Amino acid sequence: MAIPKDEFDRLKERDSDHAVYEQGTNAHTILQFLATHSEQAFPPKEIAAETGIPPGSVRGTLSRLAETGLLEHADKYWSINEAELATRRAALVSQQAIDTDQYGGYDREAEVDNAELPPERESREE
C-alpha cells in the first residue's frame, strides 16, 4: 500500500536521525570504530577489514554519514567529526532525559495529539 510523499519524507527524516545510533547497523559499527580511533583516518578498505562490513556497504555508509556531518574525508581517508558527534550525543542524551520518568514521563507525541489550539482572538481596535 502506498503512502503520501510527505509521510515518506517524515519517516526518512526520523530514520536518518535515529539509525546511526542503533547498535547493529553498519552506520553505528563504522561510527564506533572511527570514534574509538579518533586520532587516525582510514581508507574504506581498512574500515571494511576492521569492522567486517563488506567494502561496497562501507563506501555507501561513509558517504551517507559524511552528508550528515558525522564524518570528514580527505582524498581516500575518512575520520570521525568529533565536534558533530559530541553535539549529537548531547542532544540525544538530553532528549532521553526529557522522555524519562525524571520529568514525569513526558510523551511528546501524546502531548501533540492532545494539544488544543488557542481560541481565536478578536483583533484589537485601536
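Select L11 to start: the residue is partly exposed, with a relative accessible area of 31% (buried means under 20%, exposed over 50%, partly exposed in between, with a 1.4 Å probe and protein chains only). The model is predicted, so local features need pLDDT of at least 70 and side-chain atom pairs count only at pLDDT 80 or more, while totals for chains, interfaces and linings use all residues. Residues are numbered from 1 along each chain as its sequence is written, and side-chain values use heavy atoms, with hydrogens and water left out.

L11 lies in helix α1, residues 5-19 (helices are DSSP runs of H or I with at least four residues, strands are runs of E with at least two, both numbered from the N terminus).

Next, select I30, L34, I47, V58, L62, L65 and L71. These have the most contacts inside the largest nonpolar core, which has 17 residues (buried Ala, Val, Leu, Ile, Met, Phe, Trp, Tyr and Cys joined through side-chain atoms within 4.5 Å). At least two core residues come from each of α2 (26-36), α3 (44-51), α4 (55-68) and β2 (77-80). The largest share, five residues, is from α2.

Move to strand β1, residues 71-74, which pairs with β2 in the antiparallel sense over four bridges (pairing requires at least two DSSP bridges between the strands). Then pick D75 in the hairpin, where two residues lie between the strands; D75 takes a positive phi near 55 degrees.

Now go to N81, in the loop between β2 and α5 (82-98). Is N81 buried or exposed? At 18% relative accessibility, N81 counts as buried. Leaving out residues up to four places away in sequence, N81 touches G69, L70, L71 and E72 (contact means heavy atoms within 4.5 Å).

Finally, show the whole chain. It has six helices and two strands, in the order α-α-α-α-β-β-α-α. Of its 126 residues, 20% count as buried.
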